[in-house]
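This report covers selected local features of one protein model. Please keep the sequence and the 3D view open while reading.

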Amino acid sequence: MTTMIMWKNNISFSQKLIIASIVLIFCTSTVSSSAIFSLKFRYAGTNRSLNSLKLHDTNRLQMLSNLDLPLGGTGRPDSSGLYYAKLGIGTPPKSFYVQVDTGSDITWVNCIECTECPRRGYHGIELTLYDPKDSLTAQNVSCDEPFCLEVNGGPFQVCKANESCSFAEFYGDGSSSTGYFMQDIVHYDQVSGDLQTTTANGSISFGCSAGQYVDRGSPNSDESLDGILGFGKSNSSVISQLASSGQVKKMFAHCLDGVNGGGIFAIGTIVKPRVNTTPLLQNEPHYNVNMTGVKVGNYSLDLPSNLYELGGKRGAIIDIGTTLAYLPQVVYEPLVIQILSQQPNLKLVNVQDQYTCFKYTESVDDGFPPVTFYFGSGLSMTVQPNQYFFPVF
């Protein structure tokens, strides 16, 4: 077996660490007074190449750098995530398949006016266009409402009475999404007892994508979904809106399975088991935490004390939509050197000018050290060799 590890360049993104697929709770956890979303993994059961994973993450990380109105990044914004869920919207409710995204502050779905929007998406899912006329509870969000002022950072220069709150988002590859905001009822499962759920609902404001332009690819791409369920930090995210109305508590946890696919995304207080926590950094647009150290086996890396404050950037981003973990070069290089020092006789081969490979026939867990990341309040996460090496057979 040949084991592959990323070795060169394109590792540092704004001097931030981006950590993917951290399990925040166990799948058997009990959550009180919560909304529960059953998740599905886009790529369950598939063997994706390291190149395809990095391509996905490149688009994803560019999206995370968009802080004005995070409706996406380059390319189709609803194809840059990993996990999706089915969400009911309207009265009577219609089902929409939406990307669950902790990096987006806005929830939005494709709307009836959109002639460019795909009709079929991931694995042949039949996509739905939201039509306000089909819902008895649909209401227009006007340009002078607080929600509109929140997402646009202030009032429109011209806002007439009862005029819709509109948006126009342009992405780096020339694609764009335009539309308006609506308010309607969303339907979700809520915990009612031990391993039991009932249907609950709440009113939120969300984007209605009425027009899209995609400069490349098919409008019926199998990467597409109906939209995005935004779980970001701002007041416009779905968790903030439901919490402000008293529907849920403003906290969430997720248990994700990137191998077999699926998992759960729960909003509310964790009753059991007891979990360890680390505080979020304040005044950051995403879910940032303070990483305090890295240990390879029993060896602690000597890291600069101001590592995550360079260029005004602070902490490590915890992101549900990124496949790989990305480290600043000043962390990544000594980390790799220390890992490979455990096997000094390895013959390293450079592949595609960006990966270093070596042949190894034994168990990597027996031959290489675990890597432990340390965070504020004493929280730690240990990664085994079979998790940080990328095997090629």
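Helices (H or I, at least four residues) and strands (E, at least two) are DSSP runs, numbered from the N terminus. The model is predicted: local features need pLDDT of at least 70, side-chain atom pairs count only at pLDDT 80 or more, and totals for chains, interfaces and linings use all residues. Residues are numbered from 1 along each chain as its sequence is written, and side-chain values use heavy atoms, with hydrogens and water left out.

D184 lies in strand β9, which covers residues 176–193. Two terms are needed for its setting. Buried means under 20% relative accessible area, exposed over 50%, and partly exposed in between (1.4 Å probe, protein chains only). A salt bridge is a side-chain nitrogen of Lys or Arg within 4 Å of a carboxyl oxygen of Asp or Glu. For charge, Lys and Arg count as positive and Asp and Glu as negative, while His and the chain ends are not counted.

D184 is buried but has no salt bridge, and K94, the nearest side chain of opposite charge, is 10 Å away. The side chain of D184 does make polar contacts (pairs of N or O atoms within 3.5 Å; within protein, one must be able to donate a hydrogen and the other to accept it, and residues adjacent in sequence count only if both atoms are side-chain atoms). One joins it to the side chain of Y130 at 2.7 Å, and another to the side chain of S135 at 2.8 Å.

**The salt bridge**

The structure holds one salt bridge. It is formed by the side chains of D134 and K94, at 2.9 Å from N to O. D134 lies in the loop between β6 (108–110) and β7 (139–140) and K94 in strand β5 (residues 94–101), so the pair ties together parts that are 40 residues apart in sequence. D134 is partly exposed, with a relative accessible area of 39%, and K94 is partly exposed at 38%.

Two strands pair if DSSP finds at least two bridges between them. Four strands form an open, antiparallel sheet in the order β16-β15-β20-β21. β16 (299–300) and β21 (380–383) stand at the edges with a single partner strand each, so one side of each is left without a neighbour in the sheet. β15 (residues 291–296) pairs with β16 over two bridges, and K295 stands opposite S300 in β16. Helix α4 (residues 329–340) packs on this sheet and touches β15, β16 and β20 (371–375). Contact here means heavy atoms within 4.5 Å.

β20 and β21 pair over four bridges, with Y374 opposite S380 in β21. These two strands form a hairpin with four residues between them.

V296 is found in strand β15 and is buried, with a relative accessible area of 3%. Its contacts beyond four places in sequence include L301, L335, I339 and V371. The C-alpha atoms of V296 and T372 are separated by 6.5 Å, although the residues are 76 apart along the chain.

**Backbone geometry**

T91 and P92 are joined by a cis peptide bond, with omega about 0°. P92 is found in the loop between β4 (83–89) and β5.

Conventions:
Axes fitted to C-alpha atoms, helices over the stretch in contact; angles between N-to-C directions.
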